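Here is a report on the open spaces in a protein model. Look at the structure first, then read on.

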Amino acid sequence: MDLFVVRHAIAVPAQEGTGDESRPLSEEGRARFARCVRGMRRLGLRFDRLLHSPYLRAVESAEALSTLVQPDGVTAVSAHLAGPPTASLLAEIAERGERLAVVGHEPWLGELTAHLMGSTGPSVEFKKGAVAHLRGELEKGGMDLVALLPPRVLVRVAHG
Amino acid sequence: MPKPRSKRLERIPVGPWLDHLERHLPVARLGGDPEGVHQLRVAAQRLRTWLKLQGLRVLDDDLRWLRNGAGDVRDLDVSMSLVEPGPYLDELRRRWRIAHGDLLRVLDAPRLRALLEALPRLPAARRERVLRATRRWLRKTRRVGNRLDWERAPEEELHAFRRRVRRLRYALDWLGEPRKAVKVLSEELGDVNDLAVLRDRLLRGEHLAAADGLTVEEVTERLARSRADAAKNWPSLARALHKESL
């Protein structure tokens with residue numbers, strides 16, 4: 001399996017009266033992530049499936065990323081991506097095809113990645129908009145890091 | 001049923017039909033009233049239209065999953081309303097209990113909870129964008145209707161057109177600008193579809209109370225007449241769609 005772990009793009013700061021889960025992407029975050037997605041496209045990244053957290057910033061990031069989902073691919077919202085990784089999340093990932101992107105939040109994506117790579121501590125620094133490409137079996141220590149693509153790299157690739 | 005939104009709103013929120021969906025979830029769960037499942041499916045389809053009007057892809061597959069998850073129960077509710085009492089009705093009831101069990105698994109799924117959390121967080125749709133998309137759909141509906149061979153086209157083609165018209169009707173409702181011609185067209189296509197379904201059920205040997213003693217041949221003839229009527233009415237409906245432009 002190829003698993004692409006994506007942290008959501010830059011969101012507006014928390015504001016009084018608005019819950020954390022309802023923070024939208026900032027204009028800067030939206031524009032920058034659009035460039036990141038262009039970079040991913042130039043690198044040939046494509047997904048069979050896209051799974052994302054229900055938080056607004058993840059939904060909006062997933063929407064931008066959905067252009068890389070194959071025409072017959074599927075997107076799905078997952079409550080399990082809005083919390084620490086669990087067996088239920090792994091079960092959900094497992095049923096979703098061979099090239100899957102998941103869009104979520106730190107520190108949970110870091111915990112997920114560390115578990116799959118068999119690391120004892122955080123193994124990947126996930127900046128907002130970053131992508132970690134893992135490959136292998138979906139089990140503890142079963143995956144290797146193929147590439148870590150921080151946003152500045154993706155933006156450079158996008159500009160050619 | 002949520003009322004059409006005011007024309008003056010610059011933004012079109014998802015709220016009314018999301019509320020409608022959530023109100024019917026417990027009714028669908030209980031299973032005693034077919035309206036629960038029916039309205040759940042109607043609301044899901046209207047919400048899909050709201051997403052499509054904005055060109056949004058995420059959450060559409062989730063709404064389709066929800067709608068499809070209730071599909072078997074809906075089909076059986078409709079079947080049970082048509083069939084005469086007897087062993088076949090008992091068999092449909094047995095199948096309904098299985099389908100309802102499957103629906104309960106959908107209603108209990110974390111995916112539904114996540115969907116209901118995500119939808120209200122989406123910003124309200126910009127009216128201008130919805131208007132542009134609806135105009136495109138209106139033009140396309142006229143073009144497809146003009147190319148359709150109303151009397152001879154395969155039923156699947158008519159059914160696809162019916163889905164297109166339904167989507168257009170929902171779009172106009174979101175804008176708060178329902179169009180009589182679209183409603184009439186939608187009802188005509190609905191009648192054609194109902195006759196086709198009735199004919200298929202009779203061909204399968206079902207004993208249908210709703211068939212009122214009609215034979216397959218009689219229903220087939222009615223279906224042909226219904227299609228001929230739709231063909232005759234289409235030009236004036238197309239003109240009305242053109243005149244009632246947004």
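How do the residues of the lining of the largest pocket divide into nonpolar, polar and charged? The residues divide into 8 nonpolar, 10 polar and 19 charged. Ala, Val, Leu, Ile, Met, Phe, Trp, Tyr, Cys and Pro count as nonpolar; Asp, Glu, Lys and Arg count as charged; the others, Gly among them, count as polar.

## Ground rules

This is a predicted model, where local features need pLDDT of at least 70, side-chain atom pairs count only at pLDDT 80 or more, and totals for chains, interfaces and linings use all residues. Residues are numbered from 1 along each chain as its sequence is written, chains are lettered from A and ligands numbered from 1 in the order in which they are written, and side-chain values use heavy atoms, with hydrogens and water left out.

A pocket is found on a 1 Å grid over the protein atoms alone: it is an open set of points where a 1.4 Å probe fits, with protein on both sides within 12 Å along at least five of seven lines. Lining residues have an atom within 4 Å of a point.

## The largest pocket

The largest pocket holds about 1,400 Å³ of space. A volume is the space filled by probe spheres set on the points, which are joined across faces, edges and corners. Its lining has 37 residues; Arg41(B), Arg67(B), Arg162(B), Arg166(B) and Asn193(B) are the closest to its centre.

H9(B) gives the most to this lining, with 10 residues. Helices (H or I, at least four residues) and strands (E, at least two) are DSSP runs, numbered from the N terminus.

## The second largest pocket

About 480 Å³ of space lies here. By class, the lining has 13 nonpolar, 2 polar and 6 charged residues. H2(A) gives the largest share, 4 residues.
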